[in-house]
Amino acid sequence: MTTHDGDRVIPLVRRAPLQLRARLNALIRSFFAERGVLEVETPILSAAGNTDPNIESFSASFSGHVDAGPRERWLRTSPEYPLKRLLAAGVGDCYEMGRVFRNGEAGGRHNPEFTMLEWYRVGWDHRQLMEESIALVEAALALVHRRAEVVVESYRQLFLDELGLDPLHASIDELRAPLAEYGIDPEGLRRDDWLDLLITHKLQPVFPRDRVTVIHDYPASQCALAKIRPGDPPMAERFELYLGRYELANGYHELNDGAEQRRRFGRDNAMRRERGLREVPLDEHLLAVLDAMPDCAGVAMGMERLLMCLAGTDAIADVLAFPFADA
């Protein structure tokens, strides 16, 4: 919303969203202080980027002395890599709440600059971290005098219950069939793309508003930075948490195998090439120490998404001091 002062357009800043954010930030810091989780700060600019082919990074040029390293730097899309370097150095349980940046993600529900909360628990697996993530969301809901039902279900069981499909064994034609009404161009889409589309188009939109839905144990092909648990079939030890129809958090039983992580980064860049996207430099600092990272679980949570749920709005601009267009 804006007002006019002569020839100037002045955005109207509402105090209530700022107060809600401040209360949420205070709650988060208290939540982790009570649990002995250390708050840290890590770099926003890095010589490495995010190889994920579904995420685009901003880059910037450094004009100082060449001894400082590569001139091209990347604005972080999450604090994950430096936090893992701290874990490898022995810092223990830690979290960071700070700004992250994703290029091209602007619209009613996305802002290219937003706040991410990310934390790690040493000696935990993804199931233990699921419980703590639920507890944090429940505490946040209490700020606005709300409660939510909690449903925890495996990825496979969710598909079987809601769509009558086995996501691990169904053919691509079977996965495409429920999406026929959307007229999706199948060019270049792989099996995991169709599975993602089923979640975003058929499952996620009907999650009840007052329900926390946690989906765990994903197909091994969707491992990202998670460990893969051997079995028939093998499963990626990761979870996603939704409040209503909004995805709030993505967590992993973290991979701590440098060679395997390098292979996954390489696979990401190969897919970027296939899509005509620029390859992104790998985080060699992370890869050099990943084997020393202790067994742990980590999760990233989008603060604006959580604030939108607390405020009862579908517009991210409603929980920002100044959205991208007015920044």
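1. Which residue lies over the face of Tyr218? In this predicted model, that residue is Arg238, which is placed at 4.2 Å from the ring centre of Tyr218.

2. The aromatic rings deserve a look of their own, and the count comes to seven aromatic pairs. One of them joins Phe31 and Phe32 in an edge-to-face arrangement, with 5.2 Å from centre to centre and 85 degrees between the planes. Both partners are buried, Phe31 with a relative accessible area of 7% and Phe32 with a relative accessible area of 0%.

3. Another pair is formed by Tyr155 and Tyr218, whose rings are tilted, with 4.6 Å from centre to centre and 45 degrees between the planes. This pair links distant parts of the chain, because Tyr155 belongs to helix α4 (residues 155-163) while Tyr218 belongs to strand β10 (residues 211-219), and the two are 63 residues apart.

4. Ring pairs connect Phe31, Phe32, Tyr95 and Trp119 into a cluster, and the charged end of Arg35 sits over the ring of Phe31, at 3.6 Å from its centre. An arginine is therefore found over a ring in two places described here, Arg35 over Phe31 and Arg238 over Tyr218.

Notes. Residues numbered from 1 in each chain as written. Predicted model: local features only at pLDDT ≥ 70, side-chain atom pairs only at ≥ 80, totals over all residues. Heavy atoms only, no water. Phe/Tyr/Trp six-rings, centres within 6.5 Å; stacked < 30°, edge-to-face > 60°. Buried < 20%, exposed > 50% of the residue type's maximum accessible area, 1.4 Å probe, protein only. Helix = DSSP H or I, 4+ residues; strand = E, 2+ residues; numbered from the N terminus. Lys NZ or Arg CZ within 6 Å of the ring centre and 35° of its normal.
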